[in-house]
Amino acid sequence: MPTNSLRPGTEVLTRGFDPSLSVGSARPAVFRSSTYVFSSPEAAERAFDIMAGRATPEPGEQIDLVYSRFNHPNAEILEDQIVPLEAGARAALVFNSGMAAIVTALFAFLRPGDTVVYTVPIYGGTQKLIENFLSAWGVAGIAAPAGQSEKIDDIIRTAKNVRMILVETPANPTVIMTDIARCAATARERSGERPIIAVDNTMLGPAFQHPLDLGADLVVYSATKYLSGFSDLIGGVVLAHDRELIQKIRSLRGLFGNILQPDECWMLDSRLPTVGLRMNRQSKNAQHIAERLARHPKVAKVLYPTLFDDAEQIRIRLKQCDFPGAMFSLDLRGGKKGAFEFLRNLKLARNAVSLGGVETLVCHPKTTTHSGFTEQQFAEAGITDGLVRISVGIEDWRDLLGDFEQALNAM
Ligand SMILES: *Cc1c(COP(=O)(O)O)cnc(C)c1O
């Protein structure tokens, strides 16, 4: 059967792994070897030529493995299996963290004198990378307010030397959505070399949001979150339709040495077939809970895609997101004191950063994940003293709602 007729839920379980290469084992073996024995000196020469880009592999050619900083069987299996989950992707790279994926993707394309436009709020590590680190290397960062389509268009049209546009949607912790297709269309109107559009799809991908189909060039993930799903490993992924983009990032990964290690690849590999199941359950749970908590007297506002009444946010959600996802934030009456009391009162949900795991996690962004912000950045990002961010897991939603309600009532 031609494999391109299969749907993602089937492909993720059937491609990329040949049991005969793992002595018939139904699950891949873990290959912890740091180096690989060449089948011949000629095969070694050929492998180095291909790795260095001096030669391109023939279709179906078996290329000898070299050394595990460049590549290893568990990374290859994982990369093959993750591709069908991302609509429009043809190639993937795995990294030892989400930040490693983002750093390597940015370094592959940005040079001194270039500008990177990025939506804010954005993941704290990404923001520090652009504002504190890349600026010292002569790369300018321009922050564009998430969800404000006209302002983002203006920046993309008028900024000089834009080499990359990095969109994170929905934004964390405000869950504001940015129109990916519109960013891509505006970027294509620029004269000269078209900027590369990268989307951090950690919050809604790969199940509910498909940036490559909307005109993005690169999708990046913190695989630590929904892809892995059990809060027990750190990893990252980059995917693209264009294999040349992936090749550029791949050679830098070999240099930086930030490929995902074999054991983590094996673990992540076993989580992929259930990512859609987990995210569906988590999103349904979150929607039930968010919509009910919106009526609670101690809650000033619930930030969640289906609860926004802004016309632009509704439009973006309907055209871009299959489901609203499992992250929401509560703006609590009672400021920081109220928020801390709420966290202390929780009995089932746990007070921790990170997100996307099967267990429900709650944190106070202003004093933790976003504590480096200035007051102005807090105001612009909409991060208030009373804001708590909730990542909903797969528990029974009625128990979680009960936990949140008792924590609110006891405030
Ligand atoms: C967690 C996260 C990252 C960073 O990923 P790590 O795996 O912690 O390095 C990047 N982007 C988003 C949206 C995240 O949530």
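In this predicted model, the side chain of Ser 222 places an N or O atom 2.8 Å from an oxygen atom of the ligand, and the side chain of Thr 224 has an N or O atom 2.6 Å from a ligand oxygen. Met 99 takes part through its backbone, with an N or O atom 2.8 Å from an oxygen atom of the ligand. On its own the ligand has 380 Å² of accessible area, of which the protein covers 93%. The residues that surround the ligand include Ser 97, Ile 102, Tyr 123, Glu 168, Asp 200 and Lys 225, and helix H4 gives the most to this shell, with three residues. The space that the ligand takes up is the second largest pocket.

Helix H4, which spans residues 98-109, is also among the elements that cover the buried residues of helix H5, together with strands E2, E3 and E4 and helix H13. Within H5, residues 124-133, the buried positions are Gly 124, Thr 126, Gln 127, Leu 129 and Ile 130.

Is Gln 209 buried or exposed? Its relative accessible area is 0%, and Gln 209 is therefore buried, a term that applies under 20%. The side chain of Gln 209 makes a polar contact of 2.9 Å with the side chain of Asn 201, while one of its polar atoms lies 3.0 Å from the backbone oxygen of Thr 169. Beyond its neighbours within four places in sequence, the residues in contact with Gln 209 also include Glu 86, Pro 170, Ile 180 and Cys 321.

Conventions: Residues numbered from 1 in each chain as written. Predicted model: local features only at pLDDT ≥ 70, side-chain atom pairs only at ≥ 80, totals over all residues. Heavy atoms only, no water. Buried < 20%, exposed > 50% of the residue type's maximum accessible area, 1.4 Å probe, protein only. Helix = DSSP H or I, 4+ residues; strand = E, 2+ residues; numbered from the N terminus. Contact = heavy atoms within 4.5 Å. Near = heavy atom within 4 Å. Polar contact = N/O pair within 3.5 Å; in protein donor to acceptor, adjacent residues only side chain to side chain. Areas by Shrake-Rupley, 256 points an atom, 1.4 Å probe, with all protein chains shown as cover. 1 Å grid on protein atoms, 1.4 Å probe; cavity = no way out; pocket = protein on both sides within 12 Å on 5 of 7 lines; lining within 4 Å. Sits in = over half its atoms within 2 Å of the grid points.
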